[in-house]
Amino acid sequence: MARSKRGRPGSKNRFSSRPVNTNHHVEVFASLVDDNVTEQANQLARLPFVHPHVALMPDAHYGMGSAVGTVFGTIGAVIPAAVGVDIGCGMIGVRTGFTATDLAGGDLTRLRDAIEAAIPLSPGNYNEWILGGSAEARTRELAELAEDTGVDLSHSPKWRQQLGSLGGGNHFIELCLDEEDRVWMFLHSGSRGVGNKIAQKHIAAAQEQCDKHWVLLENRDLAYLVEDTAEFDSYIADLAWAQRFAWLNREEMMDRFARVLGEFVGAEVAEAERINCHHNYTQVEEHYGQKVWLTRKGAIRADEGVKALIPGSMGTSSYVVSGKGFAPALRSAPHGAGRRFSRTEARKRFTAADLDERMGGIVYRPGDAWVDEIPDAYKDIDQVMVDAEKLVSVEHKLRQILNVKGT
């Protein structure tokens, strides 16, 4: 099936071993950046098709291909590994009509258990029941999108069962209160196993294409696909599908969260506001007068007035923000606290008892499974927000009262 090329940045770039971009530039918005993150940004910026520059967000930390917390534009090419393997990962938040008073006297451990029963949590744990209602409508939309755009999902025969599941790692569900004690539902997840399969497929394709055309790369994970090739078209179609899956996945989980919260309070959830935003994706945007493929890996869109969500780590504050459209940051902002220590290093340094102490009375499920998510393994979210003052305005600061983690 032919795919439309409309709306693409104008370029006929092909695979090339041209000299690197000698005008490479990196804008850094972090007060603390590791040397390996700086080197990743410099390698990326030296690619000849990067425009106008690379921006490192306040939460930037080491990642595959490019650092998490990296934003950059490209002309005529995209880098699948720089988008990442959790395509469309992001946040959704809902401000309800409830206040802390409506929760008074209720046992939040019961709500925690109800959330865990309604939403599959672990990486390989998908829905086992027959889909119905909103999930059926959403999977039908996704199936039609795949058919219309030629997306092959044969690598993920259970993708429908993945819709409405949380996943593992740093994915979470939280109940929070803002500065006026209003109740917020908060959730972090992405495109699940199907998105990972899509990403891995195209990362391999990019590496094969660069090898085929004798492209010399400083880092193999910077392998790219160029416009006007079948491989590029396939990736863009699959990418758009995975981003839509991630968006609808969060919507489905939030609807289930609202249902169990309403049952817990004894009244239907009235939504005052709903915000859904990606922080791992690529799309066509215009920056400094040039249309580019703008990649945000661990970063949110922060166009002027656009609302978004910046979560802290487990047990710390999170933020509802609006963008300032700051051009040097490529109209972007951080996506969270950003890791200080790897998961392996965090497990060496901290224990389940340390985590329990840090949680400070927040209802969660204690145990060893989440030690690598302890707040000490992350940057200080409040410092990240200070570093982001030029990028976003804070609308609300949220404090957690309940946390459910993906295992």
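Is Phe-341 buried or exposed? In this predicted model, Phe-341 counts as buried, because its relative accessibility is 14% and the cut-off for buried is under 20%. Phe-350 lands on the buried side too, with a relative accessibility of 14%.

## A charge over the ring

Phe-341 has another neighbour to look at. Arg-349 places its charged end over the Phe-341 ring, 4.0 Å from the ring centre.

Zoom out, and you'll find six aromatic pairs in the structure. Take Trp-159 and Trp-241: their ring centres are 5.3 Å apart and their planes sit at 85°, so this pair is edge-to-face. It's a link between distant parts of the chain, with 82 residues separating the two. Trp-159 belongs to helix α6 (residues 159-162), while Trp-241 belongs to helix α8 (residues 230-265).

How accessible are these tryptophans? Trp-159 has a relative accessibility of 4%, so it counts as buried. Trp-241 is buried as well, with a relative accessible area of 0%.

## A cluster of rings

Phe-245 joins Trp-159 and Trp-241 in a cluster held together by ring pairs.

Notes:
Residues are numbered from 1 along each chain as its sequence is written. This is a predicted model: local features need pLDDT of at least 70, side-chain atom pairs count only at pLDDT 80 or more; totals for chains, interfaces and linings use all residues. Side-chain values use heavy atoms; hydrogens and water are left out. Rings of Phe, Tyr and Trp (its six-membered ring) pair if their centres lie within 6.5 Å; planes under 30 degrees apart count as stacked, over 60 as edge-to-face and the rest as tilted. Helices (H or I, at least four residues) and strands (E, at least two) are DSSP runs, numbered from the N terminus. Buried means under 20% relative accessible area, exposed over 50%, partly exposed in between (1.4 Å probe, protein chains only). A charge sits over a ring if NZ of Lys or CZ of Arg is within 6 Å of the ring centre and within 35 degrees of the ring normal.
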